[in-house]
Amino acid sequence: MASPTVRRAFNWVAVALTCACVVVILIPLASILYTAIVLGGSVLSLHFLTAGPPAACTIPSGVGCPVGGIGPLIGGTLALVGLASALAVPIGVLTGIFTSEYGGRGLGRAVSFFTDVMTGLPSIVIGVFVYGLFVLYYPRIVFSAITGSIALAIIMIPIVARTSEESLRAVPHSVREAALGLGIPKYRGILRVVLPSALPAVATGALLAVMRAGGEAAPLLLTAFGNRLGFVGLDQPVGSLPPTIYEFGTSGASNWLADAWGASLILIILMLGISIVARLVLRNRFRAFGGG
Amino acid sequence: MSSANANQSATTTPPADTIVRKKSRTGPIIAIVVVILIVIILLVAYQAGWLTAKKSTKYSFTGAGSTFVFPLVNTWELNYNSSSSSVNYQGVGSGAGIQQITAKTVDFGASDAPLSATQKSAASGILQFPESAGGVAIIYNLATVTGQVRFTGAVLAQIYLGTITNWNDARLQSIQAAGVTLPSGSITVVYRSDGSGTSFVYTSYLSAENATWKATVGHGTAVHWPAGIGAKGSSAVTSTVKTTPGAIGYVDLEYALANGVTFGAVQNPSSLTDFVSPTLASTGSAIADFSGTFPGGAGDWGNISILNSAGAGDYPITSLTYFLFYQDLGTAYGSSYSMAKAQALVAWFNWAIHTGQSYSAALYYVPLPANLVAIDAATLASMTFNGQAIPVT
């Protein structure tokens with residue numbers, strides 16, 4: 001075997017490499033946050049949070065350009081994600097209950113497998129799917145809050161279903177047996193005993209799904225489309241933050257670029273906020289099960 | 001450990017049970033509070049009018065298409081004050097705009113290229129309205145050259161074919177103004193990799209100027225480029241050229257001016273020594289000097305070309321952009337339209353071709369010349385709702 005010196009050297013090299021990897025991972029995160037805060041923070045104001053997007057202005061320096069905001073777009077994002085959650089959370093949780101409690105080996109496994117596959121579907125494909133579903137029969141509502149929230153819901157459902165399934169499975173079997181032993185029907189046992197004890201984890205899954213959907217731009221380009229006025233009605237196109245960041249960020253208008261940075265910062269804050277809440281809830285759940 | 005503990009807490013030991021229950025309850029409570037907060041925020045936002053920056057109007061119209069006209073249409077949206085309608089336009093590209101209007105998902109489309117015969121027959125009853133005009137600027141990155149570089153159609157075609165590869169090539173150097181000496185260095189050709197109206201105009205120009213180009217590459221919104229590197233969108237072409245020494249590219253004049261990129265002068269067909277720089281004036285006069293007759297909105301615009309306009313001082317790479325509407329809004333959209341709604345749509349576009357043109361120049365668009373405004377107005381008057389004429393207001 002190698003001498004202690006060599007081994008110590010090896011140890012140092014390994015530690016150094018590990019630290020280097022950590023730094024490499026943190027660099028993009030720090031860089032994104034830094035850039036978003038510096039460039040986005042400079043446009044942040046109450047006006048920015050409430051006013052509508054400005055008219056395009058092509059003066060390169062941006063001096064004298066109208067300053068707008070993203071108020072309606074924040075509303076649009078909240079409306080879309082809210083509608084999508086209303087669709088996805090019940091369906092997802094019920095799917096999770098089915099796969100963990102009723103599915104068994106055959107159908108349950110199959111559903112589980114396909115929800116896994118769905119998790120990996122590229123979101124743009126989901127956008128194309130919803131677009132294609134509506135364009136033939138209901139062309140007038142292809143670009144609307146309805147299609148946008150359906151697309152986001154399709155992204156959310158597998159995430160909610162999988163996390164619900166996992167968290168229901170994490171509830172010890174003896175709890176179910178105890179419930180059954182008291183003579184409660186299976187469905188009541190699930191509703192009153194199993195689901196409540198798994199609820200924090202289910203809620204976390206739902207919040208993670210909300211986070212994922214809230215940051216999606218690709219499917220919305222084909223469904224919710226875009227709208228300066230944010231959310232104006234179920235059958236009307238909806239403007240939300242991510243597609244607007246894409247659109248404004250690639251435009252030549254200087255004030256739109258500034259707007260895109262501000263919108264990025266707000267989106268990061270919104271999504272980080274949800275993530276932090278989700279993690280707090282998750283921590284509570286671990287405590288409930290005695291740390292694991 | 002976990003299962004034993006949970007089992008215990010759920011069934012036997014009362015104190016542990018209460019403690020655990022208390023903690024496990026906080027999770028759902030937080031979640032519920034968050035959901036309630038979101039709902040409250042939404043309601044408050046709705047009340048405060050956040051969700052509808054402008055109080056929602058009676059009719060809202062959706063349009064899609066050309067990214068070139070996006071900034072202009074966006075300015076119209078913000079400046080069109082009407083109690084009866086609001087317009088929502090998204091710049092998704094000319095090709096996508098034609099597709100969407102054909103699928104009737106939108107109320108109007110916009111394209112930088114006129115409809116081809118196939119596209120026209122796919123969307124039966126479609127009308128084309130020439131709306132705005134723009135020039136395609138040849139942008140380049142040559143830090144050491146102070147004067148404006150000159151190009152001819154033949155030279156540009158050879159550069160894009162990959163037969164002229166060096167800036168000091170004799171064919172390129174010989175057409176330069178006295179005092180402009182091009183350095184030795186390879187030319188990096190940049191083209192639009194996505195389907196683009198700008199590419200359509202530019203490749204049409206190269207086809208008109210060079211037989212080899214016409215035979216081997218042809219024209220279209222997306223072609224098989226024989227040389228160079230692709231960039232997606234006008235902004236990517238601009239930034240690639242800006243950051244690559246020795247690069248050459250083509251973008252809408254609007255982009256070149258807004259981004260402060262150097263662009264070249266192009267030879268006017270009327271005179272070998274007349275090299276014209278793209279400006280609002282030189283592209284505007286190219287349209288004014290168009291020698292043929294423009295068809296009406298229902299006619300075929302596919303062969304209308306204002307490339308190589310022959311008047312002195314006309315910029316040769318100039319084109320029109322088009323708005324697309326269905327002639328009979330009732331037949332096209334069925335029950336989602338009413339006479340009043342059709343009237344509101346017509347009123348908006350009527351405003352756009354008249355008052356709306358005053359916003360063009362500040363955004364570097366060529367205002368629509370009077371003869372085209374007249375054609376558009378006549379086409380607009382021909383629009384119907386289930387066979388009835390729509391009054392233009």
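The model is predicted; local features need pLDDT of at least 70, side-chain atom pairs count only at pLDDT 80 or more, and totals for chains, interfaces and linings use all residues. Residues are numbered from 1 along each chain as its sequence is written, chains are lettered from A in the order in which they are written, and side-chain values use heavy atoms, without hydrogens and water.

Chain B is divided into domain 1 (69–133 + 320–389) and domain 2 (135–288), with bounds from an automatic or database domain assignment. Their C-alpha centres lie 31 Å apart. The contact (heavy atoms within 4.5 Å) takes 14 residues from domain 1 of chain B and ten from domain 2 of chain B.

The two domains of chain B bury about 1,000 Å² between them; this is the accessible area (1.4 Å probe) lost on being put together, summed over both. Carbon and sulfur atoms account for 76% of it. On the domain 1 side, Asp112(B), Tyr364(B) and Val366(B) lose the most area, together 47% of what that side buries. The touching residues of domain 1 of chain B comprise twelve nonpolar, one polar and one charged; Ala, Val, Leu, Ile, Met, Phe, Trp, Tyr, Cys and Pro count as nonpolar, Asp, Glu, Lys and Arg as charged, and the others, Gly among them, as polar. Zero salt bridges are counted between the domains (a side-chain nitrogen of Lys or Arg within 4 Å of a carboxyl oxygen of Asp or Glu).

Zero disulfides (cysteine sulfur atoms within 2.5 Å) are found over all chains. For Cys19(A), the nearest cysteine sulfur is that of Cys21(A), 9.2 Å away.
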